[in-house]
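Let's take a quick tour of some aromatic rings and a helix. Have a look at the fold, then read on.

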Amino acid sequence: MWRELAGKVLEGREVSDKEALAVLDCPDEELLDLLHSAYQVRKHYYGNKVKLNMIINTKSGFCPENCGYCAQSIDSKAPIQKYRMMDQESIMKGAEQAHRLNSGTYCIVASGRGPTTRELNIVTSAVREIKQKYELKVCACLGILKPEQAKELKEAGVDRYNHNVNTSENHHEAITTSHTYEDRVGTVNHAKSAGISPCSGVIVGMKETKEDVVDMARALKALDADSIPVNFLHAIDGTALEGTDDLTPTYCLKVLCLFRFINPTKEIRVSGGREVNLRSLQPLSLYPANSIFVGDYLTTDGQDSTEDHQMIKDLGFEIDYVKEEEPIL
């Protein structure tokens, strides 16, 4: 069944809702066959290459939004480090580290509803310097954007803009009420209109239904997001979702397979929460996915980067060192 589904996807046909839900309900004894089938699609478009991405959290806390998963939320009681926008020199030090770790993409992230003029100026100045010094793709993640801000980022050299939809439109108000689902979609479209590659993903494990997960994957297909980070909730004490622990390693792998089947040509990135949710099954995630973050996340620690490099080597895969190329269609 799963190999037939992979063949259907490679022929350019759509996955039905029934097939999508079947992937999420796949019996664990069939998981290796499901992974093999998703790998056939991944291999067709990306071979055995793995893209590396590194985040720098340039501004932590002080966010007016009430996202239930986030330790930086205005409602969060999590004891996190808080600091205002970093200076350009600090952002450049992060770029040097990303270059040293063989990351293809350097992600400049800042908390908040959207960037102030000062914050945008710091980022655009840093991006211009990064582009002069390193062969890195730069992704910015600064919150909700206005069209003119997207144009400024594009002119500075930003290659990609990340703004996750996070969950399904139907489940959105259960996660946050300080902005709308349409606000998030609008920001992705502003980035696209400015000529910036859109990056948008999800957080799985926030008490959504399996139907919601299917809707997320389809929404990102409709948005034509080039890069799709799939985060798995790492519930932080002090947040609204504190104590939520609904995920298993096998279910996380099924989710990644589903995203590969519905978005076969796109970069599927195993992102936040992979260490605590996939645990010993982490290496298997790279059969459906073709990208990971190295280093730490926004407010949680990641796996040591040398372990990530070793994992990729042990799988017989290779790091994609060069600038991103278009997948083979």
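Which residues form one aromatic cluster? Tyr39, Tyr287 and Phe317 do. This is a predicted model, where local features need pLDDT of at least 70, side-chain atom pairs count only at pLDDT 80 or more, and totals for chains, interfaces and linings use all residues. Residues are numbered from 1 along each chain as its sequence is written, and side-chain values use heavy atoms, with hydrogens and water left out.

**Ring pairs**
- The structure has 3 aromatic pairs (ring centres of Phe, Tyr or Trp, the last by its six-membered ring, within 6.5 Å; planes under 30 degrees apart are stacked, over 60 edge-to-face, the rest tilted).
- Tyr39 and Phe317 are stacked, because their planes sit at 5°, with ring centres 6.2 Å apart.
- Tyr39 belongs to helix α3 and Phe317 to the loop between α11 and β10, so this pair links parts 278 residues apart in sequence (helices are DSSP runs of H or I, at least four residues; strands are runs of E, at least two; both are numbered from the N terminus).
- Tyr287 and Phe317 have centres 5.5 Å apart and planes at 65°, so they are edge-to-face.

- Phe317 is buried at 9% relative accessible area, while Tyr287 is partly exposed at 23% (buried is under 20%, exposed over 50%, partly exposed in between, with a 1.4 Å probe and protein chains only).

**Charges over rings**
- Lys82 lies over the face of Phe62, 5.9 Å from the ring centre (NZ of Lys or CZ of Arg within 6 Å of the centre and within 35 degrees of the ring normal).
- Arg269 sits over the face of Phe293, at 4.8 Å.
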